[in-house]
Amino acid sequence: MRTVLLTGIMAALLPLTAGDWPTYGGDPQRTGQAVNETLLNKGNVGKLKLEWKLKLDNAPIELYSLTVPVVSVNTITPKGFKDLVITAGSSDNLYAIDADTGELVWKKTFQNEGGAPLNKGTGGWLCPNAIVATPVYDKKTRTVHVISIDGRLHSMNVVNGEYRYQPVQFVPPNSKSWSMTLVDGVLYTTLSQHCNRAANGVYAIDLNDPKRPISKFEAAGGIWGRAGVAIAPDGKVYAEIGDGAFDPAAGKYSDAVVQLEPKTLKLLDWYVPTNQRIVDKKDLDMGNISPVVFPWKDGELVAASGKEGVIYLLDPKHFGGADHRTPTYRSPLFTNEDVNFMMRGFWGAFGTWDLNGTRWLLAPAYGPPHPDAPKFPQQYGKADNGSIMAFKVVEKNGAPSLEPGWMSVDMIAPDPVLMANGVVFALATGDESRQVDSGGAILPSKARINNAKPAILYALDAETGKVLYSSKDLINSFAHFSGLAISEGRIYVVTADSTIYAFGLGPNAGT
C-alpha cells in the first residue's frame, strides 16, 4: 500500500509537460525543435554565459569521447527534484550530472563481454570500438537506455544508475551504432562501416516483449547520419544509406532513402537518385546525414541529402514514384563544387520548424556554397569552411520546393542545429574533417586532433541568421560528430577531451 501511495504521489508531483530532451534532435522525427523551452528567446540569448563545465574521467578513443546528452527534468530523487544530464563516454561509461550545479550524481562503467575485436585494437577513427550512440531517455519509466561497446543494451534507472533489468545483446559486439530513438516501446539504432564485420543497417528491439525480440534491415551501405533513423507520426521508419552494392532485385540498396515498417523493419518503399552510379563512384553517399520528417499540408514530407550537396524532398505516399527515382523535389547543388567526399556537402542531421507560419529547413553545410547555386538573400561574408544554410519550404506549381532564406557566418564543420523561440543554436565544431593527406595517405586520428580548432557555440536569429551570441574562446577543444542538447534554459555542448559545457542565463533565470 505504501509503495502504491508513493508512486501516486510521485506521479502527481511530476509536471504535465516538461523540458525533457529525451533523444538526439529532441523527438523521433529529428526536428531539433525545443517545443517546451520557455526561458531562452531572442531578447535574452545575448546574455548567455558559461554556467559550468565538467571534465569527466572518460578516456577518448580515436576522435570520440562523449555522446550528445539527453536530459531528464524534474526527476524526483532522495535529495529532492533534480534535472539530470545524461551522457555516455566512449570508454564504456555512462554519467548523470546535476544540471544546476554541474556535479556528478552517478557513474556507471560497463564490463565488455564481447571479446576482442577482429582488428585486435581500434580500427582507427572509422571503427573505434567505442560508445558512439547517443542514449535515449524514457520519461514514462524514468529509464535511460544505452548501447555499450560489446553491443549490449543497458536500461538504467535515471535516478541512481541501477539496472531496470539485465543487459541484453542488441547489436554485434564492437560494431558502430548511432543515436537511438524510442517509439511505442521499440528501440531503434543504425550501424555503419561494417565494424567488426557487423552488418550495416537498421536494428530494432521490442521492449514490450519480455523476450526482447530483435528485427534487422540489412543495408549494402552504412547508415551513419548523426541522428540514426527518423520516425514519422504514423510509425514508419526512414533511413539514409551510404555507398555500396546496388541491386534492388537482390535486395541490395545503397545511396538510398528507405521507408521501413515499424518494429519489423520490413522494406516498404525506397528512393535512389538517378545519378547513383556517380554518387557511389565519387563517394558522395547519403549515409552521412539523417533524414527528417515534418508536416506539410495534409501529410508529411521527408527531407534527405548527403555529401553531393543537393537536398531531396520526398512524399511518403509517393516515395520516389513508380520508378523509385523521382523525388517530389530535387534542389540544385548548394555546396560541394569540388566534388569532395571529405569536407563538402551536407552532414549530420537537419533541423526544421514552423516559424510564424513559414516552414524552415536548416542543413549543416561543409565547405563554401556552390557558385552557381541560387543566392541566399541574407548572408554574412564568405563561408569557405562551412555554414548553416536555411531554406523556406514553399509551394510552387502545386508542389513543395526550397527557397534560400539565409546562410550563417563561416563555421568549421558545423553540427546539426536546435531551435527555440525564434533562436537557432549552432555549433562550429572546429573538427578537422580531412581524411587523407596531400599524398593520399589516410590521416591518423592524432593528426586530425592536432589540426582541429576549438568549437564555438552560436545563437542566431531564426528568421535572418544574424549572430545574437557567440561563445568565442570559452570552449577549449573541438567536437567530433556531435550535436547539441537543450533543456530548461541551458544549452549543452560536449567536446573531444571528454568535457561537457552548460551555457545558460544563470541559476536564477526564470525566477
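## A buried serine

Ser-471 is buried, at a relative accessible area of 1% (buried means under 20%, exposed over 50%, partly exposed in between, with a 1.4 Å probe and protein chains only). The model is predicted: local features need pLDDT of at least 70, side-chain atom pairs count only at pLDDT 80 or more, and totals for chains, interfaces and linings use all residues. Residues are numbered from 1 along each chain as its sequence is written, and side-chain values use heavy atoms, without hydrogens or water.

Which residues does Ser-471 contact, leaving aside neighbours within four places in sequence? They are Ile-456, Leu-457 and Phe-503 (contact means heavy atoms within 4.5 Å). The side chain of Ser-471 also reaches the backbone nitrogen of Leu-457 at 2.8 Å. Phe-503 is 32 residues from Ser-471 in sequence, but 8.9 Å away in space, C-alpha to C-alpha.

## Aromatic rings

Phe-503 is buried too, with a relative accessible area of 0%. The structure holds 14 aromatic pairs (ring centres of Phe, Tyr or Trp, the last by its six-membered ring, within 6.5 Å; planes under 30 degrees apart are stacked, over 60 edge-to-face, the rest tilted). Tyr-501 and Phe-503 form a stacked pair, 6.4 Å centre to centre with 15 degrees between the planes. Tyr-501 is buried at 1%.

Elsewhere, ring pairs link Trp-178, Trp-224, Trp-347, Tyr-366 and Phe-481 into a cluster.

## The nonpolar core

The largest nonpolar core has 41 residues (buried Ala, Val, Leu, Ile, Met, Phe, Trp, Tyr and Cys joined through side-chain atoms within 4.5 Å). Phe-425, Leu-457, Ile-486, Tyr-492 and Ile-500 touch the most other members. Another core, of 23 residues, lies apart from it and includes Val-292 and Trp-296.

Notes: A polar contact is a pair of N or O atoms within 3.5 Å; within protein, one must be able to donate a hydrogen and the other to accept it, and residues adjacent in sequence count only if both atoms are side-chain atoms.
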